[in-house]
Amino acid sequence: MDVVGNHSLLDARLTIHKQVKGLNQMKVQSSTVAVLGLGYVGLPVAQNAGRAGMVVRGFDISPRVVEALNVGQSHVDDISDLEVETMLTQGFRATCEPVDLVGIETFVICVPTPLAPGGGPDLDAVRQAGEVVASSLTRNALVILESTTYPGTTDSVLRPILEKSGLIAGVDFHLAFSPERIDPGNSQFTFANTPKIVGGLTRECHDRATAFYLKMVDKVVSAQGLREAEMAKLLENTYRHVNIALVNEMARFSADLGIDFWNVIDAAATKPFGFQAFYPGPGVGGHCIPIDPNYLSHYVRSATGYSFRFVELAQEINSQMPAYVASRVQKLLNKDGIAAMGSTVVLLGVTYKANIADVRESPAIDVVRALRQMGVQVSYYDPYVMDWTVDGIEITRSTDLKFSIQACDVALLLQNHSVFDLAEITTLAKRLLDTRGVTEPGAAERL
Ligand SMILES: NC(=O)c1ccc[n+]([C@@H]2O[C@H](COP(=O)([O-])OP(=O)(O)OC[C@H]3O[C@@H](n4cnc5c(N)ncnc54)[C@H](O)[C@@H]3O)[C@@H](O)[C@H]2O)c1
């Protein structure tokens, strides 16, 4: 078997493949594709495979997701109902039935990889998806894992499950890992123009996966093997996590020192080399930053016995930010002799990033918890979020931005959706805490 991971076959350095003639001429059996897990990652993969002329089955364990997609309803921000309808006309069908995947040539696994209650990796969905694929696997098929995970998962967790089919990876079927780099809400960098990293169990596995993706994306980047591809994604996310923690910590002591840290970042960002600007905020949210670095630190600890101190420190700093924001609200009220207990605060924007509807892992959740502990009455205004509960208690949704800002003791800007009129918010608010540094200097209290 040609093992790519031991560097014997691939160049030791990363190789960038553009539309390499030889690859495109390979016989590629990827005309039927099954995407397992039809969420923020899987649905765009299914959409792009359909656009590239492949026949696409979507598999998901959620009947709600499957039923909605089959009648043209999207549950993902970046894909509209109209686009789902187009997918359907191109032949896409969603299913909860593993039997519908029999005979498929390429399987792409995009299931969630959350944290287990103890903080370690929870790979149950990857295992379950592996079982589904194993039950339909045929000779010469290609299986790709896209879910973010620790190095070694594809080879030591997924491969043995797939081989229950009686087929051997790298011999009878092809196995690869390709991390998803989707950035919800980003219209500049899309699925097609973001380079796709691919690592294969063998050279042939790598080439098959590369040829599959080159039908959909402009550029594929070859990693030496499965573990390098898995680790590359974790480096990207850990890099963000650590740098966000750095600016969060600096923002906190800058506030105590009377230094406008937003102005500091703007000044530093003028350096044309060697510096990339990161910005403080109320905490980290979403699927990647708060979760993925934990996969890596857990893996490093269990595989080597030592800790990944950068990640653990970043985790500690970033997770303190919601409570710090609540303390800044309290300070703002104190200045005017108002007790936090019984005061009213409206949260402006509660999603984990701007201009999307996703509240999963949003730091706004911990901000609510901290404010509630102080006895604050919390409401929210967010045009993207129709209802929102924290710890089973519904948060009052304001539909009248002007009224709620004027009525509440503090307006707390957590997310800067582009529909917000900052000048209006600044003028109307009795007190405004801006956690994104987007108001004019001096116009509001900034983090
Ligand atoms: N959302 C992002 O921005 C993003 C970016 C890069 C990577 N990722 C990674 O991609 C993976 C998927 O993330 P997502 O955001 O698409 O998740 P998601 O929650 O939006 O979607 C996951 C889908 O998988 C389904 N599912 C769960 N278990 C399943 C199973 N056993 N078989 C089939 N379907 C199953 C769920 O019902 C859901 O529809 C994760 O590993 C995540 O870390 C996410």
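Q: What makes the meeting of the R139 and D172 side chains a salt bridge?
A: The N to O distance is 2.7 Å. A salt bridge is a side-chain nitrogen of Lys or Arg within 4 Å of a carboxyl oxygen of Asp or Glu. R139 and D172 are therefore a salt bridge. This is a predicted model, where local features need pLDDT of at least 70, side-chain atom pairs count only at pLDDT 80 or more, and totals for chains, interfaces and linings use all residues. Residues are numbered from 1 along each chain as its sequence is written, and side-chain values use heavy atoms, leaving out hydrogens and water.

Q: Where in the chain do R139 and D172 sit?
A: R139 is in the loop between α5 (124–136) and β6 (142–145). D172 is in the loop between α6 (153–162) and β7 (174–177). They are 33 residues apart. Helices (H or I, at least four residues) and strands (E, at least two) are DSSP runs, numbered from the N terminus.

Q: Why is R139 called exposed?
A: Its relative accessibility is 59%. Exposed means over 50% relative accessible area, buried under 20%, and partly exposed in between (1.4 Å probe, protein chains only). So R139 counts as exposed.

Q: Why is D172 called buried?
A: D172 has a relative accessible area of 12%, so it falls under the buried cut-off.

Q: What makes K196 and E146 a salt bridge?
A: Their N to O distance is 3.4 Å. That is within the limit, so the pair qualifies. K196 lies in strand β8 (residues 196–200), and E146 in the loop between β6 and α6. Both K196 and E146 are buried. E146, E180 and K196 are linked in a network of salt bridges.

Q: How do you know that D260 is partly exposed?
A: The relative accessible area of D260 is 32%. D260 meets R446 in a salt bridge (2.7 Å, N to O). R446, at 14% relative accessibility, counts as buried.

Q: Why are α5 and α6 called roughly parallel?
A: Their axes cross at roughly 30° and come within 8 Å. Axes are lines fitted to C-alpha atoms, for helices over the stretch in contact, with angles from 0 to 180 degrees between N-to-C directions. Angles under 35 degrees count as roughly parallel, over 145 as roughly antiparallel, 65 to 115 as roughly perpendicular and the rest as oblique. α5 and α6 are therefore roughly parallel.
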